[in-house]
Amino acid sequence: MRRSTALLFFRRMRVPLIVLISAYSIATVGFTLMPGTDADGNPWRMSVFEAFYVVSYTGSTIGFGEVPYEFSKAQRLWTMVSIYLTVIAWLFSIGSIISLMQDPAFSQALRGARFRRAVRNYDQPFYLLCGFGDTGRLLARSLSELRHPVVVIDDAPEKIDALSVETHRFPIHGYCMDARLPENLISAGLQSRWCAGVLAATANDQVNLKVAVTARLINQRTAVYARADEKSVADNMRSFDTAHVVTPTDEFVRRLRLLLTRPHAYRLYQWLHSPPGSPIPALPDPPSGRWVLCGFGRFGRSVYRLLRELKIDVKVIEENIDLPGLPEGAIGGRGTQAETLREAGIEEAVGILATTRDDVDNLSIVITARELNDGLFSAVLANQWSSEPLFRAAEPDFLAQPGELIAGTIVSHIRSPLLSHLFRRLDEVEDAVAARILERIAPDPDQAETPEQPELFTVRLSKKRAPALHWLKEQGFGIDVSLFQRHPGRPGEKVPVEVLMLTRGDDDQLLPDAATRLESGDRLLVACPPALVRRMQSLLENEAAAYRALTGDELQQGWLLKKLVGERPARS
């Protein structure tokens, strides 16, 4: 990966360059030895400079005449020899260059050099994404939409080639290499001070584990987000402080639990954990009664445990009847046949869950079940992202795709680490609180036009994280939650910014009152429209903007203005 492109070029061009230099040397020396006459008929021989001058325009087939004097027969004879000698040398050299440019190893070295140069030239935080499958593609697209540069590495050349022809809002640089090798991660920018996070999103748990371990050892300042399909691998990752580990089965079960028990929280969670531009899901109304579960693999087992925990009657259909752990009374079959579904009691059931590993089977299960019972509540797993349009056309009540589950969860954590804490708190309060939060950030969630997802900020009231607010506190000003909602240019007018949660020590306040006073060390989860992002950043970082938003007056910062107008007094 770190081989010099120039060194590789000269190594491969060694013979052509020797041939070319030798041809020019022979032709130049020959011209200095050939006898000639000057304009007065006196004997004359070319100097080395004059000979090289003649060879230069002769060898390149330009032709410039006989200079400085008319050539003798011997010089003309040598000119013919030089033409054939140098032209053949040039043809050989140019052919070698063309062959080198078409060589896959050299082309990869050139791409590697451009890739490393692009990574070195970053002057803003970027994310290092390992793996460009379904999950990686969704992560790259979402981070780019959120204005985060992304560096992608994957060991499949066709995936990197596909990346190079895609259009993204922010730059994404990709290169084909093995993420398991620490030197490759370093080349991709792991040690850069601008590396904000490493995302291990390959389809192989062991590769993700290796990436997470390497990132934690080489750059302890960067956050690590990792995918883990198996619980043992996820526990291993958490043991060395991986920032966020996402298991698709756990995330699937979490969303299904919210849907069944806390529909407003599900609606808010699903929207804020979806890619930018996603619509707000409709408020679910799952019925009570028996469910039929098709597929008892990794997802099916987790769903079965959830339903039994919620005291929901469930009948399992599984093709492999000898599968360990299969509940008593399970029916053998794929669930795609009407007879099997009837045996499971689909006509009396209220819901169907299709969680097999085959997307075609899952689609067939849902369609066949609806034909037998058109009032079913349907929940389905789309294993491959490419199959999702088919599932969307089938219009299930709940659709989950592992890549989207993982990408949405990781991106939401990157947007605001407090977001996961918010939903943990929502689990402890009435579901109506989630409904109020959704109404605050999307005043009309049921409108036909998809509302824009808010930008989420985690604000810590400290000198480093919010220097302007910290300065106001030092000047003796009292700050409350309403400061975030004040328009900087029009006193008395509010802007649509909402403080969703205030964390002070171990105490959390959901939707704090506008008059709630803020103290140093407080953490706030703030949601604002994308159009107000710069205003929000200015409020946190610019003393003049914060002062104007708080008092409605301009802060006199220059020496002359302070002398003419006077300094603004501090006030509580």
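**Figure 1. Arg-425 and Asp-508 are both buried.** Buried here stands for under 20% relative accessible area, exposed for over 50%, and partly exposed for what lies in between (1.4 Å probe, protein chains only). This is a predicted model, in which local features need pLDDT of at least 70 and side-chain atom pairs count only at pLDDT 80 or more, while totals for chains, interfaces and linings use all residues. Residues are numbered from 1 along each chain as its sequence is written, and side-chain values use heavy atoms, with hydrogens and water left out. The side chains of Arg-425 and Asp-508 form a salt bridge, at 3.5 Å from N to O. Because Arg-425 sits in helix H18 (residues 418–426) and Asp-508 in strand S17 (residues 507–510), their pairing ties together parts that are 83 residues apart in sequence. A salt bridge is a side-chain nitrogen of Lys or Arg within 4 Å of a carboxyl oxygen of Asp or Glu. Helices (H or I, at least four residues) and strands (E, at least two) are DSSP runs, numbered from the N terminus.

**Figure 2. Arg-504 meets Glu-519 in a salt bridge.** Here the N to O distance is 3.8 Å. Arg-504 belongs to strand S16 (residues 498–504) and Glu-519 to the loop between S17 and strand S18 (523–528), so this pair links parts that are 15 residues apart in sequence. Arg-504 is partly exposed at 26% relative accessibility, and Glu-519 is partly exposed at 43%. Elsewhere, salt bridges with shared partners join Glu-66, Glu-70 and Arg-76 into one network.

**Figure 3. A salt bridge joins Arg-227 and Asp-229.** Their closest N and O atoms are 3.2 Å apart. Arg-227 is buried, with 13% relative accessibility, and Asp-229 is buried too, at 12%.

**Figure 4. Two surface patches come into view, one nonpolar and one positive.** Leu-77, Met-80, Tyr-84 and Ile-88 make the nonpolar patch, which covers about 470 Å². Tyr-84 is in helix H4 (residues 73–101) and is exposed, at 60% relative accessibility. The positive patch consists of Arg-111, Arg-114, Arg-117 and Arg-120. Of these, Arg-117 is placed in helix H5 (residues 104–120) and is partly exposed at 40% relative accessibility. Patches are made of residues with over 30% relative accessible area and no salt bridge, like charges being joined within 9 Å and nonpolar side chains (Val, Leu, Ile, Met, Phe, Trp, Tyr) within 5 Å. Lys and Arg count as positive and Asp and Glu as negative, with His and the chain ends not counted.

**Figure 5. A cis peptide bond links Val-67 and Pro-68.** Its omega is about -5 degrees. Pro-68 is in the loop between helix H3 (48–59) and H4. Most residues other than glycine have a negative phi, and most peptide bonds are trans.

Figure 6. Lys-311 lies in the loop between helix H13 (298–309) and strand S10 (314–318), and is exposed at 71% relative accessibility. The place of Leu-511 is the loop between S17 and S18, where Leu-511 is buried at 13% relative accessibility.

Notes. Areas by Shrake-Rupley, 256 points an atom, 1.4 Å probe, with all protein chains shown as cover. Charge placed at Lys NZ, Arg CZ, Asp CG, Glu CD.
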